[in-house]
Each structure stands twice: as C-alpha cells, then as structure tokens.
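Subject: Handing over a structure

Hello,

Here is the structure you will be taking over. My notes on it follow below.

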Amino acid sequence: MRRLAGTRKVGHAGTLDPMATGVLVVGVNKATRLLTYIVGTSKTYEATIRLGATTITDDAEGEVTATTPTDAISDAAIEAGIAKLRGPISQVPSSVSAIKVNGERAYARVRSGEEVKLAARPVTIHSFDVLDIRHGVTAEASADAMDDGVTYVDIDVSVRCSSGTYIRALARDLGADLGVGGHLTALRRSAVGPYTLDRARTLEQLAENLEILDIADAARALMPVRELTAAEANELSFGRRIPASPEGLHTSDDPAAAFAPDGTLVALLADAGKYAKPVLVFPPDPAAKAEPKAVAEGTES
C-alpha cells in the first residue's frame, strides 16, 4: 500500500489470520489518525467449523491431534452448543495467536515446542448464526464400508463479535462442549465496523485504480456526526474549544466527527461540561488533490 499510495504514512486496523481472507482496513496519510477508533469496532465473519477433529492451531493449518466420531451429534445439539457461546463470554485465545507472552508472540513459542497457556479474556458475541450444517465421512471411507472413514460435521456460520474475539477459539470450544473436538476450516472477515466487504478492493484492483474512501466519508460512517457553523469550524481549526454538543455525550474514547459547512472534516470532538474540545484536529491540506488522503475501506484477499 505504501508503494501504491506513494507515501510511507500507511497503517492498518488489525491483521487477519494467515488462512483468513476478507476486509483489512488501511489508513493512508492523515487518515491513519482514525485507525485508533476503528481497531475496537465489532467485526463480522463468515466461517466453517468442522466438528470431529482437534488440531494444534484450532484451524485447518495445524496438525490433527485427535478425531472423534460425530454420528451422535444432532443439529439440535449443535444449535444448543452455539447458544452457549452467544453474548458476553470468557474466552481463552488460541495458543498460536499473536498475543505476546514475555515479549514474544505466542505462536512463535508454540512453534518452538513450548506449551503455552493464555489467560481467558472477556469478549462479546453479538450474533452467532448457523447458515448450513453438513454431515459427512472423510475420504478414507469406501462406498461399501462407510465405517472405515471418520465422520465429521461441517457448520457454516456467521459471527458478529467484539474486537479481540478469536473465531478459531469458538470452533474449539463448540467442539469441546459437544465432546467431539472442533476446528476452523475457512474464515472470511466480511466487515470491520461500518466498513464492509462489498466496498473492499484487492491489491490488484488498487494497483490499477487507487480507489479509496475519502476521510470525511470514513469518519461519517464510523462516528457520531456534529455539523458545525462556519465560526465553530474556524475556532476548531486553531484548536480552540466550542460549546458542547446538545446531547453532551461524546468522550475522548467515543468522539464526534465535526464537519464544516462545506463537508470538510475539521476535528474529532469530546464534550467536557459546557464545552467541546478537539481530540484531534485535521488542518486543511493544500495538497489534498495531489496526494491520497483517505481510508482504503478494505483490501480483499
């Protein structure tokens, strides 16, 4: 993206697992200042969970450590198991996650042969919906002797969750609850907050046409909006405070995006008593037409 945009000032709002595809939000130039507020937004995924096998990585890239027949697992049992994983839960991240343990990534420690146990953390599963359930037998089975194969169940799901949730861990925990083990075989991130897959572009498409979302549009989609008068916009451009918003609910962690009458993004505002103060100010860019200044809503792989 640095090469395509012709600038070193590029950042992202959270990477994907190696086997995953989908939306990766990238900020270019001054839009990198919005990334802090994007990182913590909810994420939406489409995934396939396979019941009947456990892997060392909780996904299809890891070695299978155990298999269990799934003949007795009903669709109703699957639905009941998923229901337990909705809402606020305490989740132990996958041991091969990028979480740092004493300064080193957990996955690096696991790959070096170390046993890693991570602490549980609170996450919220806003929705966890079953799209399809398929019962099958692995290829080892012959047509005349189905018992020679290993039975499994594949479940296509859609999950909307808080930041920091591991979909691999949901697959693992569902399999453990049902007593047959589970892991992830496919994962695609379809949304990061308000930024969705339908507006994402592949790197190849961006190489042909650097189509990126204007910073003002990115902020309008992401945050509460406050429309300013010309006088208020002028005050904020100098970093001065203005009267608080009527609702007075905006904080430094959840600011409002303030726009000048011409639609330009002027600042991010936090209310403090009778006044609203700028958390970030976006000064006018005289070279705006000559350089990228927006959020690339997503790159798609």
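**Helix 7 and its buried face**

Helix 7 (residues 215–222) has these buried residues: I215, A216, A218, A219 and L222. Buried means under 20% relative accessible area, with a 1.4 Å probe and protein chains only; exposed is over 50%, and partly exposed is in between. Helices (H or I, at least four residues) and strands (E, at least two) are DSSP runs, numbered from the N terminus. Viewed down the axis of helix 7, the buried residues fall within an arc of 160°, so they line one face of the helix. That arc is taken from the directions from the helix axis to the C-beta atoms.

At the start of helix 7, D214 places a side-chain oxygen within 2.9 Å of the backbone nitrogen of A216.

**What the model is**

This is a predicted model: local features need pLDDT of at least 70, side-chain atom pairs count only at pLDDT 80 or more, and totals for chains, interfaces and linings use all residues. Residues are numbered from 1 along each chain as its sequence is written, and side-chain values use heavy atoms, leaving out hydrogens and water.

**The chain overall**

The protein chain has eight helices and 19 strands. Of its 301 residues, 46% count as buried. Among contacts (heavy atoms within 4.5 Å) with a separation of 6 or more, 70% come from residues 24 or more positions apart.

An open sheet has five strands in the order 14-16-17-18-15, with mixed pairing. Two strands pair if DSSP finds at least two bridges between them. Strand 14 (225–227) and strand 15 (242–243) stand at the edges with a single partner strand each, so one side of each has no neighbour in the sheet.

Strand 15 runs antiparallel to strand 18 (residues 275–281), and two bridges join them. P243 has Y275 as its bridge partner in strand 18. Helix 8 (residues 230–237) packs on the sheet. Helix 8 touches strands 14, 15, 16, 17 and 18, and its direction makes about 85° with that of strand 17. Helix 7 lies across strand 14, strand 16 (256–259) and strand 17 (265–272), at about 140° to strand 16. Axes are lines fitted to C-alpha atoms, for helices over the stretch in contact; angles run from 0 to 180 degrees between N-to-C directions.

I167 lies in helix 5 (residues 167–178). I167 counts as buried, at 5% relative accessibility. Leaving aside neighbours within four places in sequence, I167 contacts Y45, A47, V159, C161, L184 and L187. I167 and E46 are 121 residues apart in sequence, and 9.6 Å apart in space, C-alpha to C-alpha.

Best wishes

Methods. Polar contact = N/O pair within 3.5 Å; in protein donor to acceptor, adjacent residues only side chain to side chain.
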